[in-house]
Amino acid sequence: MGKDQRVLFNSTIFGPIHSRRLGTSLGINLSPNDGKVCSFDCLYCEAGYNSQGAGKSGLPSREKVKSLLKEKLKEMREKGENLDVITFSGNGEPTLHPDFPGIIDDVMTLRNEFFPKAKVSVLTNSTRIFTPEVAQALKRIDNNILKLDSAVNETMRLIDQPTSPSFTVDKVVESLKQFRDTGIIQTMILRGEHDGHSIDNTSEEEIRALINAYKEIKPREIMIYSLDRSTPEEKLVKVEKEELEKIGKRIEEETGIKVTVA
């Protein structure tokens, strides 16, 4: 994917789709349908870079999210369709929505009404876990999936490009501890180059730093994965499954925490 290309979700409720990590998933996009709103500007984001702008549609209201989700869940149940998970993802960081905690409440209620066995998952980049109401909302869901792509600050800032200069590995690792035994840490493993800087979070230094961070955080589970779709930075390289599994096995052995490789 070239730097001017992107893949955006053009609706607030999308799917269901099959997720390689989560199963049959109905998606919720709390970002605009025609742009991107994110506190990271990841080199590997399929939605493209933040420079494309936020579009003109704006963030969906809490009422709209609730109405559209109820309509879709009702339709799926009437058709006898299966649903494993309702997943917050989309064109940016879902926890940036000002009504995120209330939307979580609505989604949990609707899940209980229509598909009580389905899980509610949020894919978050961990930038808003310092906000108490956001953290509390994340503690209410089934799968709180939190990003930590590197435990080396320089590498994290290169891969994820956080918009806040004060966002650091030390700060986020300390805050991730509040989700001990409940949170799921998700790490993108990749190699490549960006603006003349080499990227490789598979090195001994990187894996050792991640292991130490995982030990501090003590999450319920760790997910590691690599590139599966086109990326805005063209010089990124996918780490193949065999190598991922080797890394995952090492992490699991040294931390005692379950590791899922996708």
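Student: What share of contacts between residues at least 6 apart in sequence join residues at least 24 apart?
Tutor: In the protein chain that's 72%, where contact means heavy atoms within 4.5 Å. Bear in mind this is a predicted model: local features need pLDDT of at least 70, side-chain atom pairs count only at pLDDT 80 or more, and totals for chains, interfaces and linings use all residues. Residues are numbered from 1 along each chain as its sequence is written, and side-chain values use heavy atoms, with hydrogens and water left out.

Student: OK, and how many helices and strands?
Tutor: Seven helices and 11 strands, taken as DSSP runs numbered from the N terminus (helices H or I, at least four residues; strands E, at least two).

Student: How many of the residues are buried?
Tutor: Of the 262 residues, 53% count as buried, meaning under 20% relative accessible area with a 1.4 Å probe, protein chains only.

Student: New topic: how many cavities of 30 Å³ or more?
Tutor: One. A cavity here is a set of points on a 1 Å grid over the protein atoms alone where a 1.4 Å probe fits but cannot get out. The largest cavity holds about 40 Å³, a volume being the space filled by probe spheres set on the points, joined across faces, edges and corners.

Student: Which helices each supply at least two residues of its lining?
Tutor: α4 (153–160) and α5 (169–176). Lining residues have an atom within 4 Å of a point, and they include Met 156, Asp 160, Val 169 and Val 172.

Technical notes. On a 1 Å grid over the protein atoms alone, a cavity is a set of points where a 1.4 Å probe fits but cannot get out, and a pocket is an open set with protein on both sides within 12 Å along at least five of seven lines; lining residues have an atom within 4 Å of a point. Buried means under 20% relative accessible area, exposed over 50%, partly exposed in between (1.4 Å probe, protein chains only).
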